[in-house]
Amino acid sequence: MTTSVDVLVSICVMFAMSFVPASFVLFLIEERVSQAKHLQFVSGVKPSVYWLANFAWDMCNYSIPATLVVSIFICFQQKSYVSASNLPALVLLLFLYGWSITPLMYPASFLFSIPSTAYVVLTCVNLFIGINGSIATFVLELFTDKKLNDVNRILKKVFLIFPHFCLGRGLIDMVKNQAMADALERFGQ
């Protein structure tokens, strides 16, 4: 029962975290429309410095919700996420998720001209890929059919290009590993 609740918690975290990177694209679209970046380039700012500063600012903004997620887990003592061996993994997972998803928002900003449309579309895509991919591979693991296990292995490799899937599977794998460790501990292993 605890494992089921923890899997549901991981899905909720994926849901919440899908809104964070989508919010980064709003500034980029507004800036592209207003041509503020062009003004900075004309005044002598190098493109590499501009994009590095933008990435650093986005990572600073991302660190706030990531810290809140970790704090909430600590406050509620979710053993699957905050035990001595799992807390560093959770922090690293959230950090790497932010590190990988933030640069993906920059090219996405060129696809849209209306910030609210971009936010909705990117949030929906993040939710669809993250939740459906993670749940599909989790459910396929429950079957003992060899063909389904082969399909599951292939899906896991294909979905690795999506940061939301990686976040979801990482959280679910933490839950599974903790459940297995708890079961083995009951048997004295």
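This is a predicted model: local features need pLDDT of at least 70, side-chain atom pairs count only at pLDDT 80 or more; totals for chains, interfaces and linings use all residues.

Biologist: What makes up the chain, in terms of helices and strands?

Modeller: The chain has 9 helices and 0 strands. Read from the N terminus, the elements run α-α-α-α-α-α-α-α-α. The C-alpha trace spans about 70 × 40 × 25 Å along its principal axes.

Biologist: Where does the record place the "transmembrane region" feature?

Modeller: UniProt, in an unreviewed entry, places the feature at residues 7-29, 49-75, 87-106 and 118-143. In the model, residues 7-29 are 96% helix and 0% strand, with end C-alpha atoms 35 Å apart. Residues 87-106 are 100% helix and 0% strand, and there the end C-alpha atoms are 30 Å apart.

Biologist: How do you know what span to expect of helix α4?

Modeller: The expected span is 1.5 Å times one less than the number of residues. Helix α4 covers residues 47-76, which is 30 residues, and the expected value is 44 Å.

Biologist: Which residues of α4 are buried?

Modeller: The buried residues of α4 include Y50, N54, D58, Y62, A66, V69 and F73. An α-helix has 3.6 residues a turn, so residues three or four places apart point the same way. For the chain as a whole, buried residues make up 38% of the 189 residues.

Biologist: Why is Q77 called exposed?

Modeller: Exposed means over 50% relative accessible area. Q77 has 54% relative accessibility, so Q77 counts as exposed. Q77 sits in the loop between α4 and α5 (79-82). Q77 also has a positive phi of about 50 degrees, although Q77 is not a glycine.

Biologist: Why is Q178 called buried?

Modeller: Buried means under 20% relative accessible area. The value for Q178 is 9%, and therefore Q178 is buried. Q178 is in helix α9 (residues 163-186). Leaving aside residues up to four places away in sequence, Q178 touches K79, S80, S83 and N86.

Biologist: How far in space is L140 from S100?

Modeller: L140 and S100 are 26 Å apart, C-alpha to C-alpha, and 40 residues apart in sequence. For F128 and L104, 24 residues apart along the chain, the C-alpha atoms are separated by 16 Å.

Biologist: What share of the contacts joins residues at least 24 apart?

Modeller: The share is 78%, taken among contacts between residues at least 6 apart in sequence.

Biologist: What makes up the exposed surface, and how are the charges placed?

Modeller: The chain exposes about 10900 Å², and carbon and sulfur atoms supply 74% of it. There are 12 positive and 10 negative side chains, and the centres of the two sets lie 7 Å apart.

Conventions:
Residues are numbered from 1 along each chain as its sequence is written. Side-chain values use heavy atoms; hydrogens and water are left out. UniProt positions are given in the numbering used here, feature names are shortened, and annotations may be inferred rather than shown by experiment. Helices (H or I, at least four residues) and strands (E, at least two) are DSSP runs, numbered from the N terminus. Buried means under 20% relative accessible area, exposed over 50%, partly exposed in between (1.4 Å probe, protein chains only). Contact means heavy atoms within 4.5 Å. Accessible areas come from the Shrake-Rupley method with a 1.4 Å probe; for residues, only the protein chains shown count as cover. Lys and Arg count as positive and Asp and Glu as negative; His and the chain ends are not counted. The place of a charge is taken as NZ of Lys, CZ of Arg, CG of Asp or CD of Glu.
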